[in-house]
Amino acid sequence: MSDLAARFRALWDEIAPIGRDAGSGGYLRYALTEPELRLRAWYREQADRRGLPVTEDGNGNLLAWWGEADAGNAVLTGSHFDSVPHGGAYDGPLGIVSAFLALDELRAAGVTPARPVVVGAFVEEEGARFGVPCLGSRLLTGALPAQRAAALRDADGVSFADALGHPPAGARPELLGRFSSFVELHVEQGRALADTTAPVAVASAIWPHGRWRFDFTGEGNHAGTTRMADRRDPMLTYAFTVLAANKEARLRGAHATVGRVSVEPNATNAIPSKVTGWLDARAAEPETLAGLVEAVHGKAVERARRDGTEMTVTEESATPLVAFDGGLADRLARLLDAPVLPTGAGHDAGVLAAYLPTAMLFVRNPTGVSHSPAESASDDDCAAGVTALARVLAELAC
Ligand SMILES: [Zn+2]
């Protein structure tokens, strides 16, 4: 193991136990809950150890400054600490740990950046607690109004404002204006690098994606006494819709997932009265995505007619295609001699890309699995990620 890989492992081990569920081995690091607050305290400690003053942007996003905070043209890096339910260790924290280590590398090499370099930790990136992904970056940029964010509630009814301890500040254009670029390092969430010799890639784009809620209603009734011919069972319409989504996505080279469902009354011996399923759909082009959702909707309507059920579809979120700054991506790919690839996963970098030149680095994930305890990256690949990030920061900040 290289010296850098060993230093990565040592720092990584400091946070590895925080928020880990003993049963699943996955992480429960919801934004502003105890495990995430411990990670934020760890972050302040790391910044302190390196003499980097930490500021908070009024929205829950943390910034650790190497250089004068008001110097302008700062280069921002970092990622997020929060996880999905039983998520992996690397999604998010890898970008923050790597950023601190990249700073160490630059300092050890005697590099003095001409511009500030800032390590950021964004709040509620996954949307697992308050339902809106990239909440912190959307607030900072003004993509989401502060009042709407303040009123978001978690499953226990706690509002985002209460969790934060104050109403979010919302858009901070003067703060955003101090950055000249953002580079987020992230674990790869597919197998694009798994069979290559490249430990690190540069992102080209994030697929357009969205979430649609399908509400199917029928007639709740007794499972033993209701004749099969007399039923209006929304579970059937739901089940057919899930299969249709899978088929339509395959036909288009797109992705469709129903990973969440709720059933009323949710009893073994009762025909359900209502089933709600959430469709997550993504595709390389917006037209493909629109065609996919339309096709699934059409098939669901047709099936509902046959089942005697009713259905409505509500778009809960829609994120357009994000094309990262092409010039910057090419420059970094040349610098690192790294491949360039798109991703189907959303990131704070996708939100910030609309406001400042933004790039992403992906670190190889041998299983390709993410949002699961099986997510992984080798220490050597993580060290390669740190080296790549250090080179990128030197390129952009010197
Ligand atoms: Zn992430």
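**Values against definitions**

Reader: How do you know that the length of helix 3 (residues 93-108) agrees with its number of residues?

Author: The model is predicted. Helix 3 has 16 residues, and at 1.5 Å a residue these should span 22 Å. The C-alpha atoms at its ends are 23 Å apart, which agrees.

Reader: What is counted as the largest nonpolar core, and which residues have the most contacts inside it?

Author: A nonpolar core is a set of buried residues of types such as Ala, Leu, Phe and Tyr, joined through side-chain atoms within 4.5 Å. The largest has 58 residues, and those with the most contacts inside it are Tyr 43, Tyr 90, Leu 94 and Leu 361. Helix 12 (residues 379-397) gives the most to this core, with 10 residues. Another core, of 24 residues, lies apart from it and includes Ala 198, Val 322, Met 360 and Phe 362.

Reader: Which residues does Tyr 43 touch, not counting residues up to four places away in sequence?

Author: Among them are Val 54, Leu 62, Phe 81, Ile 96, Phe 100 and Val 119.

Reader: What makes His 80, Asp 91 and His 186 donors of the zinc ion?

Author: The zinc ion is coordinated by NE2 of His 80, OD of Asp 91 and NE2 of His 186, at 2.0 to 2.2 Å. These distances fall within the cut-off, so the three residues count as donors. Along the chain the donors follow the spacing H-x10-D-x94-H. His 80 lies in strand 3 (residues 74-80) and His 186 in strand 5 (residues 179-187), so this pair ties together parts that are 106 residues apart in sequence.

Reader: Are His 80 and His 186 buried or exposed?

Author: His 80 counts as buried because its relative accessibility is 0%. His 186 is also buried, at 1% relative accessibility.

Reader: Where is Leu 32 found, and why is it called buried?

Author: Leu 32 is in the loop between helix 1 (3-15) and helix 2 (34-49). Its relative accessible area is 11%, so it counts as buried. Leu 32 has a positive phi of about 60° although it is not a glycine. Most residues other than glycine have a negative phi, and most peptide bonds are trans.

Reader: Which residues does a cis peptide bond join?

Author: The bond joins Glu 264 and Pro 265, with omega about 0°. Pro 265 is found in the loop between strand 9 (255-264) and strand 10 (270-271).

Reader: What makes the pair of Thr 276 and Asp 215 a polar contact?

Author: The cut-off for a pair of N or O atoms is 3.5 Å. The side chains of Thr 276 and Asp 215 are joined at 2.7 Å, so the pair meets the distance limit. Thr 276 is in strand 11 (residues 274-282). At 6% relative accessibility, Thr 276 is buried.

Reader: How many disulfides are there?

Author: A disulfide needs a pair of cysteine sulfur atoms within 2.5 Å. The count by this rule is zero. Cys 134 is buried at 4% relative accessibility, and Cys 382 is buried with a relative accessible area of 0%.

Notes. Residues numbered from 1 in each chain as written. Predicted model: local features only at pLDDT ≥ 70, side-chain atom pairs only at ≥ 80, totals over all residues. Heavy atoms only, no water. Helix = DSSP H or I, 4+ residues; strand = E, 2+ residues; numbered from the N terminus. Buried < 20%, exposed > 50% of the residue type's maximum accessible area, 1.4 Å probe, protein only. Polar contact = N/O pair within 3.5 Å; in protein donor to acceptor, adjacent residues only side chain to side chain. Contact = heavy atoms within 4.5 Å. Expected span 1.5 Å × (residues − 1). Donors = N, O, S within 2.8 Å, 3.2 Å for Na, K, Ca; no water.
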